[in-house]
Amino acid sequence: MTAWQLPDPQTQPEFYDDVPMKRLFAFIIDSVLIAVITVAILPLTAFTGIFFFGFLMAIVGFVYRVITLAAGSATPGMRLLAIEFRAADGSRFGLGQAFLHTVGLCVSFAFMPIQIGSIILMATTERGQGVTDYVMGSVAINRAARF
């Protein structure tokens, strides 16, 4: 059994360096990928998906985030920028944690004050956690180099 723990921002600040900005860029990259996937799905709806494109994109985005977070604790955008999520005990996300984090993201999008609070927290706290991260005890960190 491996004992995991989260890196301490005081003694290991390199794990948290530039993470909020990387999260923003990863979000943009993932949003573009989600839009491309959604457009690719449109023919499967006989193009009726155009009438509910926003809803379809939200569903695709939810599934995309849950699957990719569960598979490697990071979305493709996060992997490209070398960051990943870690649970409160320091381990990588599993399916349940990926699902809960994605639900938290959706709630943040639905209620603007929560999203604004997340942005403020990410920009001002040592670990750069948003509201969902605080509730779950999770963090986004720079991925350790693999040799």
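How much space lies in the largest pocket? The answer is about 600 Å³, in a model that is predicted. Of the 25 residues that line this pocket, R23, L24, F27, Q115 and M122 are the closest to its centre.

**The largest pocket**
- Five helices each supply at least two residues of the lining of the largest pocket: α1 (19-41), α2 (53-72), α4 (95-110), α5 (112-124) and α6 (131-136).
- Helix α1 gives the most to the lining of the largest pocket, with 7 residues.
- By class, the lining of the largest pocket consists of 13 nonpolar, 8 polar and 4 charged residues.

**The second largest pocket**
- The volume of the second largest pocket is about 220 Å³.
- Its lining is made up of F27, S31, I34, G54, M57, A58, G61, F62, R65, L105, C106 and F109.
- Two or more residues of the lining of the second largest pocket come from each of α1, α2 and α4.
- Helix α2 provides the largest share of the lining of the second largest pocket, namely 6 residues.
- The lining of the second largest pocket divides into 8 nonpolar, 3 polar and 1 charged residues.
- F27 is among the residues closest to the centre of the largest pocket, and F27 also lines the second largest pocket.

**Residue R23**
- R23, one of the residues closest to the centre of the largest pocket, is found in helix α1.
- R23 counts as buried because its relative accessibility is 13%, and buried means under 20%.
- The side chains of R23 and D133 are joined by a polar contact of 2.8 Å.
- Leaving aside residues up to four places away in sequence, R23 touches I83, F85, H101, M122, G128, Q129, G130, D133 and A140.
- M122, one of the residues that R23 touches, is likewise listed among the residues closest to the centre of the largest pocket.

**Strands β1 and β2**
- Strand β1 (residues 83-86) is covered on both faces.
- Strand β1 runs antiparallel to strand β2 (residues 139-142), and 4 bridges join the two.
- R86 stands opposite V139, which belongs to β2.

Conventions: Residues are numbered from 1 along each chain as its sequence is written. This is a predicted model: local features need pLDDT of at least 70, side-chain atom pairs count only at pLDDT 80 or more; totals for chains, interfaces and linings use all residues. Side-chain values use heavy atoms; hydrogens and water are left out. Buried means under 20% relative accessible area, exposed over 50%, partly exposed in between (1.4 Å probe, protein chains only). Two strands pair if DSSP finds at least two bridges between them. On a 1 Å grid over the protein atoms alone, a cavity is a set of points where a 1.4 Å probe fits but cannot get out, and a pocket is an open set with protein on both sides within 12 Å along at least five of seven lines; lining residues have an atom within 4 Å of a point. Grid points are joined across faces, edges and corners, and a volume is the space filled by probe spheres set on the points. Ala, Val, Leu, Ile, Met, Phe, Trp, Tyr, Cys and Pro count as nonpolar, Asp, Glu, Lys and Arg as charged, and the others, Gly among them, as polar. A polar contact is a pair of N or O atoms within 3.5 Å; within protein, one must be able to donate a hydrogen and the other to accept it, and residues adjacent in sequence count only if both atoms are side-chain atoms. Contact means heavy atoms within 4.5 Å.
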